[in-house]
Amino acid sequence: MLWFFRWWKDLDFARKLPFARDRVVECYFWILGVYFEPQYFLARRILTKVIAMTSIIDDIYDVYGTLEELVLFTDAIERWENTALDQLPEYMKLCYQALLDVYNMIDEEMAKEGRSYRVNYAKSAMNKLVRAYFEEAKWCHEGYVPSIEEYMRVALVTGAYKMLATTSLVGMGDLVTEEGFKWVSSDPLILEAASVICRLMDDMVGHKVRTDKKIWSKLEHTRMNPNSIWLGLANFEYFDYLAHC
């Protein structure tokens with residue numbers, strides 16, 4: 001546990017990126033629930049760092065970045081290059097450098113084991129996630145109200161379940177083969193169903209929390225338009241969608 005909190009404290013995001021949620025304890029115990037066994041220390045280390053970085057990235061897309069900045073940020077993440085730092089505003093540089101450092105650490109660990117191919121699957125899953133984050137950000141900035149089909153197509157990715165499922169396999173040693181990565185990357189039905197449950201339950205609880213605390217993001221306000229899918233039969237439509245997956 002100490003290694004994680006020391007790493008997070010050194011990043012100093014709470015001070016440098018005050019708009020972002022500090023979910024370090026939540027992230028640690030969430031991943032501890034995925035695998036607590038001693039032999040999965042590396043897997044736990046990888047996934048805990050990735051989910052903590054994902055929370056920061058999510059907040060950059062959702063509450064802080066301008067659309068122009070997010071275009072640059074998305075491009076940088078898809079490139080995975082140090083040279084992309086030059087095009088970013090200062091606050092994004094902090095996050096991007098930390099993200100590169102995490103995936104470089106993963107790359108080094110996998111190279112030692114002769115399993116560098118796993119990093120490509122992990123990066124590809126993160127690329128899909130940030131592209132979906134950007135699509136939601138565009139809706140938000142343009143005031144666009146998606147249909148439930150449009151929303152679910154993107155939201156099943158932004159729930160991050162698929163990215164985390166892929167990344168969770170990276171550090172699991174001999175237990176996982178490349179066939180396992182090909183399988184999880186093919187969006188199998190069990191992963192799709194779990195993503196739907198995770199996304200919709202999170203939306204319903206998240207909406208209640210935002211309403212109770214009167215915290216309204218632009219996208220949430222758009223969703224609550226009287227003509228949107230988010231009023232009245234929203235919960236019914238959610239579970240109807242789930243039943244027909």
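**Aromatic pairs and the core**

Modeller: Keep in mind that the model is predicted. Over the whole structure, a search finds 20 aromatic pairs. In one of them, the ring centres of Phe5 and Tyr28 are 6.0 Å apart and the planes meet at 45 degrees, so the pair is tilted. Phe5 belongs to helix 1 (residues 2-11) and Tyr28 to helix 3 (residues 24-34), so this pair ties together parts 23 residues apart in sequence. Phe5 has a relative accessibility of 26% and therefore counts as partly exposed. Both residues belong to one aromatic cluster, which also includes Trp3, Trp7, Phe29 and Phe41.

Another tilted pair is formed by Trp139 and Tyr144, with 6.3 Å from centre to centre and 45 degrees between the planes. Here Trp139 is buried at 7% relative accessibility, whereas Tyr144 is partly exposed at 33%.

The largest nonpolar core has 66 residues, and Phe73, Ile106 and Met126 have the most contacts inside it. Among the helices that each supply at least two residues of this core are helix 1, helix 3, helix 6 (90-113) and helix 7 (117-142). Leaving aside neighbours within four places in sequence, Ile106 is in contact with Ile46, Val50, Val119 and Val170. In soluble globular proteins, nonpolar side chains tend to be buried together.

Notes:
Residues are numbered from 1 along each chain as its sequence is written. This is a predicted model: local features need pLDDT of at least 70, side-chain atom pairs count only at pLDDT 80 or more; totals for chains, interfaces and linings use all residues. Side-chain values use heavy atoms; hydrogens and water are left out. Rings of Phe, Tyr and Trp (its six-membered ring) pair if their centres lie within 6.5 Å; planes under 30 degrees apart count as stacked, over 60 as edge-to-face and the rest as tilted. Helices (H or I, at least four residues) and strands (E, at least two) are DSSP runs, numbered from the N terminus. Buried means under 20% relative accessible area, exposed over 50%, partly exposed in between (1.4 Å probe, protein chains only). A nonpolar core is a set of buried Ala, Val, Leu, Ile, Met, Phe, Trp, Tyr and Cys residues joined through side-chain atoms within 4.5 Å. Contact means heavy atoms within 4.5 Å.
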